[in-house]
Amino acid sequence: MTTHPTDQQPVLVIMGVSGSGKSTVAGILAGQLGWDLEEGDDLHPPANVAKMSAGTPLTDQDRWPWLDKVAEWITEHTAAGLPGIITCSALKRIYRDRMRGDHVIFVHLTGDRDTINQRISARQDHFMPPALLDTQIATLEPPGPDENVLEVDLGRKPAEEAAEIIERLGLHPELGSSTLGSDHPGTSSAPPIGDLLTPNVGD
């Protein structure tokens, strides 16, 4: 699976269970490529954050509005011809069905439970308690061979994981993206999806 300089570069969905290093790897990729970056967890409504902070697993009903926001961010970029990077656990195939499309690649960070548990236990700034790891692992439906996915083994330095992703996908910096030189790399340079799908008066 490779891209070429003449191709539209993809939106990468950095996926995996909590603690797999999605945010760290995504941040490195955005910094090296100059691509728009969005932290999928920031799109959760407050009610979802409260449930996860209390150690209560989310239901599918809780997740659909969140997944719709993730999908909207992705579509804004692919429709505008812009690459981007967004983190999202994307644990079930039906969740990924909401996000998939042309120029969308799922990058699955995978590793054994002990490695991931150690990472979660060392974190001080995340609302996912380690006790929910088993629930996430049980929920995970690994992407199948028919899904546009790149599997990346974790357990190494995040910079090495990011370098592997760039090399295997043949990615290159995107000068038109907002991350280069921006103090706020999460700010999207893509126009609102409504502007892309609604024709101008007189067209």
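## Arg93 and its salt bridges

At 31% relative accessibility, Arg93 counts as partly exposed. In this predicted model, the side chain of Arg93 meets that of Asp146 in a salt bridge, at 2.4 Å from N to O. The pair links distant parts of the chain, 53 residues apart: Arg93 belongs to helix α4 (residues 93-99), and Asp146 to the loop between α6 (133-139) and β5. Asp146 is exposed, its relative accessible area being 56%.

Glu147 forms a salt bridge with Arg100, with 2.7 Å between the closest N and O atoms. Here 47 residues separate the partners, Glu147 lying in the loop between α6 and β5 and Arg100 in the loop between α4 and β4. Glu147 is buried at 6% relative accessible area, while Arg100 is partly exposed at 31%. A network of salt bridges links Arg93, Arg96, Asp97, Arg100, Asp146 and Glu147.

## Lys51 and Asp62

The salt bridges come to 12 by count. One of them joins the side chains of Lys51 and Asp62 at 2.7 Å, N to O. Lys51 is in helix α2 (residues 46-53) and Asp62 in helix α3, 11 residues apart. Lys51 is partly exposed at 26% relative accessibility; Asp62 has a relative accessible area of 18% and is buried, because the limit for that class is under 20%.

## The sheet and its helices

Five strands form an open sheet with parallel pairing, in the order β2-β3-β1-β4-β5. β2 (36-39) and β5 (149-153) are at the edges with a single partner strand each, so one side of each has no neighbour in the sheet. Strand β4 (residues 104-110) pairs with β5 over 5 bridges, and Phe106 stands opposite Val149 in β5.

Helix α3 (residues 60-80) lies across β1, β2, β3 and β4, at about 170° to β3. Helix α7 (residues 158-169) lies across β1, β4 and β5, at about 150° to β5.

Technical notes
Residues are numbered from 1 along each chain as its sequence is written. This is a predicted model: local features need pLDDT of at least 70, side-chain atom pairs count only at pLDDT 80 or more; totals for chains, interfaces and linings use all residues. Side-chain values use heavy atoms; hydrogens and water are left out. Two strands pair if DSSP finds at least two bridges between them. Helices (H or I, at least four residues) and strands (E, at least two) are DSSP runs, numbered from the N terminus. Contact means heavy atoms within 4.5 Å. Axes are lines fitted to C-alpha atoms, for helices over the stretch in contact, and angles run from 0 to 180 degrees between N-to-C directions. A salt bridge is a side-chain nitrogen of Lys or Arg within 4 Å of a carboxyl oxygen of Asp or Glu. Buried means under 20% relative accessible area, exposed over 50%, partly exposed in between (1.4 Å probe, protein chains only).
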